[in-house]
Amino acid sequence: MTAEAIDQYTDDPNDPERILARLPERERARFLEEYRATAEAAANEVWRYRQLRRFLHEWSLRAVAYSAPDFYDRREAARRGEGDYVTLDELVARREP
């Protein structure tokens, strides 16, 4: 296997290592806890592989959102019904791989 073949995976936005690196510190423990549980379930039940892929895709989108400087303020505004926002479910449905 060449280094080029290995490098093709480093651009995957759903790579758990990339997700972890993008997440703010306050979100990392939650991600790791949920990732370990989801990955373990997928390892034991082949049919759960899709669940793992969806989990990583959702967290990839969250990492992008969470890394925005004003994310937490905008999230609170959305919870109060202020401003324009899109739910995570709506966003995932638009970008489903």
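Me: Which residues form the one aromatic cluster?

Reply: In this predicted model, the cluster is made up of Phe31, Tyr35, Phe55, Trp59, Tyr66, Phe71 and Tyr72. A search of the whole structure finds eight aromatic pairs, and one of them is formed by Phe71 and Tyr72.

Me: What makes Phe71 and Tyr72 an aromatic pair, and why is the pair called edge-to-face?

Reply: Their ring centres are 4.9 Å apart, and rings pair if their centres lie within 6.5 Å. The angle between the planes is 80°, and planes over 60 degrees apart count as edge-to-face, so the pair takes that name. Phe71 and Tyr72 are both buried, and they belong to helix α5, where Ala77 and Ala78 are buried as well. The buried residues of α5 pack against α3 and α4.

Me: What lies over the face of Tyr72, and what sits over the ring of Trp59?

Reply: Over the face of Tyr72 lies Arg26, at 3.6 Å from the ring centre, while the ring of Trp59 has the charged end of Arg62 over it, 4.7 Å from its centre. Both distances, 3.6 Å and 4.7 Å, meet the requirement of being within 6 Å of the ring centre.

Me: Why is Thr38 called buried?

Reply: Thr38, which has its place in helix α3, has a relative accessible area of 15%; buried means under 20%, and therefore Thr38 is counted as buried. Leaving aside residues up to four places away in sequence, Thr38 touches Gln51, Leu52 and Phe55, and Phe55 is one of the members of the aromatic cluster.

How values were computed:
Residues are numbered from 1 along each chain as its sequence is written. This is a predicted model: local features need pLDDT of at least 70, side-chain atom pairs count only at pLDDT 80 or more; totals for chains, interfaces and linings use all residues. Side-chain values use heavy atoms; hydrogens and water are left out. Buried means under 20% relative accessible area, exposed over 50%, partly exposed in between (1.4 Å probe, protein chains only). Helices (H or I, at least four residues) and strands (E, at least two) are DSSP runs, numbered from the N terminus. Contact means heavy atoms within 4.5 Å. Rings of Phe, Tyr and Trp (its six-membered ring) pair if their centres lie within 6.5 Å; planes under 30 degrees apart count as stacked, over 60 as edge-to-face and the rest as tilted. A charge sits over a ring if NZ of Lys or CZ of Arg is within 6 Å of the ring centre and within 35 degrees of the ring normal.
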